Amino acid sequence: HADVALYCAKSGGRGNFQFFEHGMEMSKEQDHELQQDLDLAVQRDELVLHYQPIFCFSRPEPVAYEALVRWQHPVRGWVTPDDFIPLSEKTGQICAIGDGVMRRACQEAMRLPNDATVAVNISAIELQQDDLVAKVQRALSDSGLSPSRLEIELTETVLLSGAEATKCLKDLQALGVRIALDDFGTGYSSLAYLTKLPISKIKIDRSFIADVMSNTQSLAIIQGLIHIAAGLGLKTTAEGVETQEQLLLLRAAGCDLLQGYHLGRPMPLSDIESHYRSAPVKLMHR
Ligand code: C2E
Ligand code: MG
Ligand code: MG
């Protein structure tokens, strides 16, 4: 029981404690089942990628797509990453999953319209592996994708991993790949990271966008982040844009890029072309 509680405490970050509770026991058994299923899923290639478009204000078509992993489980149906990525990080399965995602995203990016960039999420565990840079390099050379069309998204927890992670990021940058800080503003948002690490973009967490119309504090944070980023020569992406009002406000605030259900949900590669032939371009509406 202490072991189970320790796991929960660790997953909540550092400087934390956790008493054992009965619900946790259940979840450990469920986790075990899910872990076995996940191994099979990797072997059977049941993991697929959906792509969510990312827009800038000056072009009607997406400039980038974020690859988001999905699991089509034979019994449970579609399983979202929030339901299996944290588990796979605990078990180490994330390394095999991440490698598969990177290879597939690079291959599929060759079919994206307008030479759009593909953004791939990488977890902190992957960044701690010695072979990450070699894996990325192989995915690029096998697919023929130009490194300038690949962007890697990392959350701030990655940055707690220390000097080795920093070196790894620099090696990735040397390949010509760009790095974005995901979900910015929610975790350990040390502004010092923005100057020390080879980052080219910050993605403002969707929790700030969600209440920007009603909460002046969220607006102040968004404006502040955009201002800091611009001063440092970094681009900003707003995540979770769900309404036209939010879009207009973000444009006025000087945000560079937008992503959210208002502009497009994650979709299979096969839907992308037909979608952008028929979709109204909301971005251009004043
Ligand atoms: P993320 O990287 O921040 O990805 C954005 C998430 O926000 C996606 O959820 C997306 O569907 C959702 N989203 C986008 N627009 C909106 C919106 O307008 N409103 C709302 N409410 N949500 C929106 P998803 O696909 O469930 O992914 C969740 C998280 O799982 C991702 O967050 C990412 O951290 C992780 N993830 C996904 N794929 C991978 C992967 O291949 N590797 C790793 N390590 N993590 C992944
Ligand atoms: Mg992301
Ligand atoms: Mg995000």
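Predicted model: local features only at pLDDT ≥ 70, side-chain atom pairs only at ≥ 80, totals over all residues.
Local features were considered only at pLDDT of at least 70 and side-chain atom pairs only at pLDDT 80 or more, whereas totals for chains, interfaces and linings use all residues; side-chain values rest on heavy atoms, with hydrogens and water left out. Residues are numbered from 1 along each chain as its sequence is written, while chains are lettered from A and ligands numbered from 1 in the order in which they are written.

Ligand 1 is surrounded by 22 residues, of which R70, D182, R206, E242 and Y261 are the closest; a residue is counted here if one of its heavy atoms lies within 4 Å of the molecule. By class, this shell comprises 9 charged, 8 nonpolar and 5 polar residues. In this scheme Asp, Glu, Lys and Arg are charged, Ala, Val, Leu, Ile, Met, Phe, Trp, Tyr, Cys and Pro are nonpolar, and the others, Gly among them, are polar. At least two shell residues come from each of β2 (64-73), α3, α4 (94-109) and β6 (178-184), and β2 gives the most, with 4 residues. Helices (H or I, at least four residues) and strands (E, at least two) are DSSP runs, numbered from the N terminus.

Taken alone, ligand 1 exposes 800 Å², and the protein buries 86% of that; accessible areas come from the Shrake-Rupley method with a 1.4 Å probe, and for residues only the protein chains shown count as cover.

The second largest pocket holds about 220 Å³ of space. A pocket is an open set of points on a 1 Å grid over the protein atoms alone, where a 1.4 Å probe fits and protein lies on both sides within 12 Å along at least five of seven lines; lining residues have an atom within 4 Å of a point. The volume is the space filled by probe spheres set on the points, which are joined across faces, edges and corners. The lining consists of 12 residues, with Y7, K28, D31, L87 and K90 the closest to the pocket centre. Helices α1 (2-11), α2 (22-44) and α3 (81-91) each supply at least two lining residues, and α2 gives the most, with 6. The lining has 5 nonpolar, 4 polar and 3 charged residues.

Helix α3 also contains P81, which counts as buried because its relative accessible area is 19%, buried meaning under 20%, exposed over 50% and partly exposed in between. The C-alpha atoms of P81 and W71 are 7.7 Å apart, with the two residues 10 apart along the chain. K201, in strand β7 (residues 201-204), is likewise buried, at 10% relative accessibility. The side chains of K201 and E151 are joined by a polar contact of 3.0 Å, that is, a pair of N or O atoms within 3.5 Å; within protein, one must be able to donate a hydrogen and the other to accept it, and residues adjacent in sequence count only if both atoms are side-chain atoms.

Most residues other than glycine have a negative phi. D45, in the loop between α2 and β1 (47-56), has a positive phi near 65°. D115, in the loop between α4 and β4 (117-121), has a positive phi near 50° and counts as exposed, at 58% relative accessibility.

Conventions:
Buried < 20%, exposed > 50% of the residue type's maximum accessible area, 1.4 Å probe, protein only.
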